[in-house]
Amino acid sequence: MRGTQKRWRDLTSMQKRGITILGIIQVSLLGAALWDIRRRPAEQIRGSKWLWTMVAFINYVGPLAYFIIGRKRAE
């Protein structure tokens with residue numbers, strides 16, 4: 001039994017728009033984090049680049065954690 005699961009076609013246009021916007025935000029955060037990890041010198045990142053690359057793939061939390069915790073601040 002499917003329960004209360006909805007298919008894409010069952011959603012309202014407002015729900016579809018919201019999901020699309022959230023998806024764009026997620027992909028943008030991931031792309032920005034990966035781009036920054038790749039171009040930033042390892043000395044300016046707390047921990048390893050490899051670890052932060054893996055963490056960045058955790059929805060929303062990973063990229064935000066990298067930008068808040070993973071990057072060292074300019075001194």
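Does Tyr60 count as buried, exposed or partly exposed, and at what relative accessibility? In this predicted model, where local features need pLDDT of at least 70, side-chain atom pairs count only at pLDDT 80 or more, and totals for chains, interfaces and linings use all residues, residues are numbered from 1 along each chain as its sequence is written. Side-chain values use heavy atoms, with hydrogens and water left out.

Tyr60 counts as partly exposed, at 30% relative accessibility, where buried means under 20% relative accessible area, exposed over 50%, and partly exposed in between (1.4 Å probe, protein chains only). Tyr60 lies in the loop between α2 and α3, helices being DSSP runs of H or I with at least four residues, numbered from the N terminus. The phi of Tyr60 is near 55°, a positive value in a residue other than glycine, whereas most residues other than glycine have a negative phi.

When residues up to four places away in sequence are not counted, Trp52 touches Ile37, Ile45, Arg46, Gly47, Ala65, Tyr66, Ile69 and Gly70, contact meaning heavy atoms within 4.5 Å.

Leu22, which is placed in helix α1, is partly exposed, with a relative accessible area of 47%.

How values were computed. Helix = DSSP H or I, 4+ residues; strand = E, 2+ residues; numbered from the N terminus.
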